[in-house]
Each structure stands twice: as structure tokens, then as C-alpha cells.
Amino acid sequence: MSELTLLVMRLALLALLWFFVFSLATILRGDLYGTRVVARTAKDRGDAKVKPAKRRLPRPVRTQNESAALVVTAGGLAGTSLRLKPGGTLIGRNPECALVLDDDYASGRHCRVFHDGSGWVVEDLGSTNGTFVGNRPITEPTPISPGGSIRIGRTVIELRR
């Protein structure tokens, strides 16, 4: 082989090695610093083009069903409170969830809490480590009463009125 061929092969091997190192560094950075949280509203992004609404719409009358909230009582987000929506509230590690958990045992879309007309219901969305209502693991949509607890890994969430 000529010297030029050997030089080209060495440079190609060196470029491939550096590509591998940079891809490994990118993966490690993602594992160390976790999921990037993106802004969910234009106000959070600091978007200057957003104009306030010219007229205010009347607020809907709250029923007893809409006054419930989830309160994190144990885990990394202890003290966090989130008002529930009757249509459903997602809980998990994904940034698209309403309550984003920082728990190693939580799945991306772990569970959903929704109102079915008669009361609040917790539904596991096929999570790996399971969802517990009280101390029981759930496999189907399970009703939860005010004061009841939902456990996801090390995080305990309580339903309150």
C-alpha cells in the first residue's frame, strides 16, 4: 500500500474515534443532567409578540368536582400542589405531563387522574413499576376519595378538596 492510502486510512480511523467520543459525551450529558424542561406557554418563553386578550370571558361556575387538588406529600417535589382538571391530569417524567416527577421509578407517562362523573379515578398507563392507591397496586382504573394517597416510586401524592 502506498503512503497516501495509509495516511487516509489513519485519518478516517481518527475521525471515527472522535465521532464515537463526542456521541458518548452527548449521551452521558443527557444522563447526568436529565430531561430538558421546555416552556409550556408563551408567557414562560418570554414571547414579546403575545398580546393580552381584549375582553375577558366569564369564568365558569365551579362545581364540587373541580375543586380537588393533588398535593405531593413525600418525595423530591414535597409540598407541590396541582389543581385537577375533570378531563384528566397526567403524572409522569415526561415534560408533557401536568405533574412532572423527578423519581427514578416513575415512567414517562405513569398514570392519569380523571373525574368519571361520580368521583376521581386513578388509571395506571402501563408503567413499569406500577401505581399504588393506598398500599394496593392497581391494574385497572381505581376510584380514589379525598384524603387518599397515590404512590409512584418514592413519591406520595394525596388527593385533597
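Reader: Is Glu-158 buried or partly exposed?

Author: Start with the cut-offs: buried is under 20% relative accessible area, exposed is over 50%, and partly exposed is in between (1.4 Å probe, protein chains only). Glu-158 has a relative accessible area of 22%, so that makes it partly exposed. Keep in mind that this is a predicted model, where local features need pLDDT of at least 70, side-chain atom pairs count only at pLDDT 80 or more, and totals for chains, interfaces and linings use all residues. Residues are numbered from 1 along each chain as its sequence is written, and side-chain values use heavy atoms, with hydrogens and water left out.

Reader: Which residues make up the covered and uncovered faces of strand 11?

Author: Strands here are DSSP runs of E, at least two residues, numbered from the N terminus. Strand 11 covers residues 155–160. Thr-155, Ile-157 and Leu-159 form its covered face, while Val-156, Glu-158 and Arg-160 form the uncovered one.

Reader: Which strands does strand 11 pair with?

Author: Two strands pair if DSSP finds at least two bridges between them. Strand 1 (residues 69–74) runs antiparallel to strand 11, with 5 bridges, and Val-71 sits opposite Glu-158. Strand 10 (residues 149–152) is also antiparallel to strand 11, with 4 bridges; there, Arg-151 faces Val-156. Strands 10 and 11 make a hairpin with 2 residues between them, and Gly-153 in the turn has a positive phi of about 65 degrees.

Reader: How many salt bridges does the whole structure have?

Author: Look for a side-chain nitrogen of Lys or Arg within 4 Å of a carboxyl oxygen of Asp or Glu. The search turns up 3. One of them joins Arg-160 to Glu-158, with the closest N and O atoms 3.0 Å apart. Another is Arg-112 with Glu-123, at 2.9 Å from N to O. Arg-112 lies in strand 5 and Glu-123 in strand 6, so this pair ties together parts 11 residues apart in sequence.

Reader: What about Asp-124: how far away is the nearest side chain of opposite charge?

Author: For charge, Lys and Arg count as positive, Asp and Glu as negative, and His and the chain ends are not counted. Asp-124, in strand 6 (residues 120–124), is buried yet has no salt bridge, and Arg-112 is 11 Å away.

Reader: Which side chain does Asp-124 join in a polar contact?

Author: A polar contact is a pair of N or O atoms within 3.5 Å; within protein, one must be able to donate a hydrogen and the other to accept it, and residues adjacent in sequence count only if both atoms are side-chain atoms. The Asp-124 side chain has one with that of Ser-127, at 2.7 Å. The Asp-124 side chain also reaches the backbone nitrogen of Gly-126 at 3.2 Å.
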